[in-house]
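Please open the structure in your viewer and keep the selection tool at hand. The stops below follow one another, each saying what to select and what is found there.

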Amino acid sequence: MEGLSWTRACVLVLCIMPFLHPAAAIRFVIDREECFSHNVEYEGDTVHVSFVVIKADTPWHYSEDGVDLVVKDSNGAQVRDSRDKISDKFEFIVQKRGVHRFCFTNKSPYHETIDFDVHVGHYSYFDQHAKDEHFSPLFEQIAKLDEALYNIQFEQHWLEAQTDRQAILNENMSRRAIHKALFESAALIAASVIQVYLLRRLFERKLGTSRV
């Protein structure tokens with residue numbers, strides 16, 4: 001019985017390994033166009049994609065122009081696109097396995113920092129390994145749990161990128177508010193100085209006129 005338990009444990013560990021999903025998350029700066037490649041090994045897999053425009057290079061710039069993302073399969077055929085978006089999240093089913101290209105286009109005159117995440121969901125079947133009827137439901141539950149965990153990580157990464165973007169926007173707005181307040185204060189002080197100067201000139205002229 002002990003030998004059988006160890007055998008089952010080893011088979012279980014070996015069968016869990018293929019459930020690991022390929023994923024990629026990067027943060028990069030785009031000028032005009034940037035393309036990335038990701039290999040998808042199986043047809044029918046679900047590819048999850050998300051991106052967030054974190055910030056522009058200039059702290060005084062704020063716009064909702066967004067960027068374009070075009071996804072092409074291994075044959076060069078377009079399978080999905082997203083136009084003029086500050087952030088987006090979508091998924092698609094792979095029809096042709098192989099290297100997929102993800103190309104971003106920046107229409108803004110400024111460099112943009114983009115957070116980009118790709119996750120490939122794949123369910124594996126182990127009929128050749130799971131001869132024991134007790135293993136089949138276990139493998140199925142492991143696959144569902146694995147996919148759920150990766151989906152949670154995918155969502156968490158997207159929310160963190162959104163939070164980073166909002167934090168940078170808030171910081172830039174605070175900086176602009178401080179600069180505006182300093183400028184208004186300087187303008188008020190300058191206006192007060194001019195008023196004092198004009199009043200002194202006026203009194204000096206009146207005093208000179210009264211002496212004559």
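Which residue in strand 7 does Lys 72 stand opposite? Select Lys 72 and look across to strand 7, where Arg 101 is the residue opposite. Before going further, note that this is a predicted model, in which local features need pLDDT of at least 70 and side-chain atom pairs count only at pLDDT 80 or more, while totals for chains, interfaces and linings use all residues. Residues are numbered from 1 along each chain as its sequence is written, and side-chain values use heavy atoms, with hydrogens and water left out.

**The whole chain**

Show the protein as a cartoon: it has two helices and eight strands, where helices (H or I, at least four residues) and strands (E, at least two) are DSSP runs numbered from the N terminus. Traced from the N terminus, the elements follow the order α-β-β-β-β-β-β-β-β-α. Of the 212 residues, 32% count as buried, buried meaning under 20% relative accessible area, exposed over 50% and partly exposed in between, with a 1.4 Å probe and protein chains only. Among contacts (heavy atoms within 4.5 Å) with a separation of 6 or more, 79% are between residues 24 or more positions apart.

Strand 4 and strand 7 pair in the antiparallel sense over six bridges. Return to Lys 72, whose bridge partner in strand 5 is Gln 78, and then follow the hairpin of strand 4 and strand 5, which has five residues between the strands and in which Gly 76 takes a positive phi near 90°.

**The disulfide**

Select the cysteines next: the count comes to one disulfide, a disulfide being a pair of cysteine sulfur atoms within 2.5 Å. This disulfide joins Cys 35 to Cys 103, with 2.1 Å from S to S, and the link is right-handed, with 115° about the S-S bond. Cys 35 lies in strand 2 and Cys 103 in strand 7, so the pair ties together parts that are 68 residues apart in sequence. Colour by accessibility to compare the two: Cys 35 is partly exposed, at a relative accessible area of 28%, whereas Cys 103 is buried, at 15%.

**The aromatic cluster**

Finally, show the side chains of Phe 28, Phe 36, Phe 51, Phe 102, Phe 104 and Phe 116, which ring pairs link into a cluster. Rings of Phe, Tyr and Trp (its six-membered ring) pair if their centres lie within 6.5 Å, with planes under 30 degrees apart counted as stacked, over 60 as edge-to-face and the rest as tilted. A search of the whole structure finds six aromatic pairs. Zoom in on Phe 51 and Phe 104, whose ring centres are 5.5 Å apart and whose planes stand at 80°, so this pair is edge-to-face. The pair links distant parts of the chain, with Phe 51 in strand 3 (residues 46–56) and Phe 104 in strand 7 (residues 98–106), 53 residues apart. Phe 51 counts as buried at 0% relative accessibility, and Phe 104 is buried with a relative accessible area of 0%.

Key. Pairing = 2+ DSSP bridges.
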